[in-house]
Amino acid sequence: MTRLPPNLVIGAVLVALVAGTAALSLVWTPHDHTLLNIRGKFAPPSELHWLGTDQLGRDVFSQLMVAARNSVAVALISVCLGGVIGVALGLLASAMGGVVEDVIMRIADIGFAFPALLFAIMLAAVFGPSLMVAIIAIAFINIPVFARVTRASANQIWTREYVYAARAAGMGRVVISRDHVLPNIAAPIIVQATIEFAIAILAEAALSYLGLGAQPPAPSWGRMLSEAQTLMYLAPQLAIYPGLCIVTAVLGFSLLGDGLRDITDPRLVRQR
Amino acid sequence: MTLLSVEAVTRRYRLPRRALWSPPPVLTAVDAASFTLDAGRTLGVVGESGSGKSTLARMVMGFERPDAGRILFDGQDLAALPPAALRRLRPRFQMVFQDPYGSLDPRRTVGWSIAEPLRATGAEERGKVAEALEHVGLRPADAGKYPHEFSGGQRQRVAIARAIVTRPALLVADEAVSALDMSVQAQILNLLMDLQDELGLAILFISHDLAVVSSICDHVLVMEHGKTVEQGAVGQIMRNPGTAYTKSLLQAGGLL
């Protein structure tokens with residue numbers, strides 16, 4: 001058994017911390033995160049309020065926990081949504097080749113060139129800002145990423161002799177994509193999904209910061225950050241806490257993705 | 001009876017263009033190759049790498065269409081068949097590949113891989129996988145193992161089991177023993193000859209090694225840069241090579 005790369009271990013620990021906090025917030029938080037207490041605003045950390053209270057006297061720790069749940073949920077749903085569509089398009093492009101492949105990949109190029117923020121603003125203008133807008137916008141930017149990774153990996157698999165054997169057996173392209181291509185490109189797709197998860201958390205924070213994502217009273221790290229911005233000199237800790245949470249989550253998923261790539265990609269020679 | 005008839009088949013590839021406005025150069029990989037193969041017989045195709053023999057194999061397998069000429073399997077033109085009809089015909093001609101490490105999906109059990117041609121046609125699977133494994137000298141219990149649990153020679157046996165499970169009339173073996181060491185090569189060649197006797201297989205045996213070809217084939221076709229330079233009975237060509245190229249292949253095989 002070789003030693004696991006340190007980035008994998010650190011990433012897994014941080015991700016477990018964030019995911020565990022998010023899960024715990026479903027059943028328990030120290031306080032109701034929406035409970036106001038104007039007289040107890042800007043309270044310093046204490047036994048009652050572990051990280052103190054904000055400008056409306058709400059418990060900061062409880063808000064951060066619930067915000068973790070929102071961030072993870074938004075990232076999970078959007079990456080899964082974008083991933084499923086992107087992988088399907090990538091598999092289709094690779095299986096069909098020719099004109100179909102060219103058309104799908106050129107559309108993906110356009111998707112790459114289209115700024116996600118602009119798309120989110122557009123959606124928010126039409127449907128009103130909500131977490132759903134954030135989810136759809138993030139899913140949208142994920143589609144071309146997954147389509148590209150999938151097509152590149154799948155194209156390699158299509159030249160393998162076992163795929164030729166399946167073709168000689170009389171298997172169709174759809175069945176070969178399902179039976180041979182997808183299982184053999186699962187590793188790079190999972191790695192990409194982990195890295196996209198980090199980007200999605202950052203994107204959710206950014207959209208919520210701009211008011212295009214989570215709406216009050218639903219707490220979000222990005223929205224906490226934007227609300228704390230005006231109070232920077234009065235209570236800098238209110239901006240620092242959600243900032244640290246975003247850093248922890250993004251760093252965790254990035255390191256996990258890197259670590260997974262290190263142990264699954266045979267092209268990277270491990271020097272340990 | 002003629003099983004496979006290749007009539008003046010040509011395949012050209014367009015190479016990357018050298019300059020932006022120049023027409024892309026064309027490589028003629030196979031140039032008007034013709035031969036026939038009778039049921040139950042073996043034809044060897046010999047040539048050095050780049051001589052077009054693998055392209056020929058891919059066209060016979062229906063993976064690529066010839067640019068000119070026809071490939072008739074059992075009287076049916078492969079390139080002219082609609083896809084569904086070609087798929088129905090596929091169980092009757094199967095292929096064994098060069099690389100025993102690349103021709104089996106590493107994520108599937110060998111039993112799953114061997115059953116693939118049966119599933120493709122909706123044929124009854126029961127018992128046939130075990131039978132095919134026994135045919136190639138493996139145990140039916142091996143069906144549950146993964147490719148990495150086998151040696152190169154054993155994997156090639158698995159690949160052959162997959163190729164014969166539908167009882168094809170034609171087996172295309174593209175460098176099927178080239179990746180194996182000498183003693184294993186002999187075992188696999190013996191296996192192919194035994195299977196030919198048992199199942200009445202016709203074999204299109206493609207190799208760079210004239211020594212191997214001469215040990216298994218009745219007839220041989222010698223290719224150089226896509227062109228057929230010599231064609232005839234093995235004994236005759238061995239005794240009396242008509243070209244310097246064939247002579248050099250004989251020398252490379254230690255036969256001269």
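Predicted model: local features only at pLDDT ≥ 70, side-chain atom pairs only at ≥ 80, totals over all residues.

Reader: Thanks! How many helices and strands does chain A have?

Author: Chain A has 10 helices and zero strands. Read from the N terminus on, the order of elements is α-α-α-α-α-α-α-α-α-α.

Reader: And what box do the C-alpha atoms of chain A fill?

Author: Taken along the principal axes, that box is roughly 75 × 50 × 30 Å.

Reader: How much of chain A counts as buried?

Author: Of its 272 residues, 49% count as buried. Chain A exposes about 13,300 Å², and carbon and sulfur atoms supply 71% of that area.

Reader: What share of the contacts in chain A with a separation of 6 or more comes from residues 24 or more positions apart?

Author: Those residues account for 69% of them.

Reader: Nice. Let's zoom in on helix H3 of chain A. What span should its 16 residues have?

Author: H3(A) covers residues 98–113, and at 1.5 Å a residue it should span 22 Å. The end C-alpha atoms are 23 Å apart, which agrees.

Reader: Which residues in H3(A) are buried?

Author: They are Glu101(A), Ile104(A), Met105(A), Ala108(A) and Gly111(A). Looking down the axis of H3(A), the buried residues fall within an arc of 105°, so they line one face of the helix.

Reader: Why do residues three or four places apart point the same way?

Author: An α-helix has 3.6 residues a turn, so residues with that spacing point the same way.

Reader: What covers the buried residues of H3(A)?

Author: The cover includes two helices of chain A, H2 (60–96) and H5 (131–157).

Reader: And which exposed residues sit on the face turned away from the buried side of H3(A)?

Author: That face carries Val99(A), Ile107(A), Ile110(A) and Ala113(A).

Reader: Switching topic: what does UniProt place on chain A as "transmembrane region"?

Author: An unreviewed UniProt entry gives that feature at residues 72–100, 112–141, 185–210 and 231–256 of chain A. In the model, residues 72–100 are 97% helix and 0% strand, with end C-alpha atoms 35 Å apart. For residues 231–256 the chain is 77% helix and 0% strand, and the ends are 34 Å apart.

Reader: Which UniProt annotation covers residues 68–257 of chain A?

Author: The unreviewed entry lists "domain: ABC transmembrane type-1" there. Over residues 68–257 the chain is 84% helix and 0% strand, and the end C-alpha atoms are 19 Å apart.

Notes: Residues numbered from 1 in each chain as written. Chains lettered and ligands numbered in written order. Heavy atoms only, no water. Helix = DSSP H or I, 4+ residues; strand = E, 2+ residues; numbered from the N terminus. Expected span 1.5 Å × (residues − 1). Buried < 20%, exposed > 50% of the residue type's maximum accessible area, 1.4 Å probe, protein only. Arc of directions from axis to C-beta. Contact = heavy atoms within 4.5 Å. UniProt positions renumbered as here; feature names shortened; annotations may be inferred. Areas by Shrake-Rupley, 256 points an atom, 1.4 Å probe, with all protein chains shown as cover.
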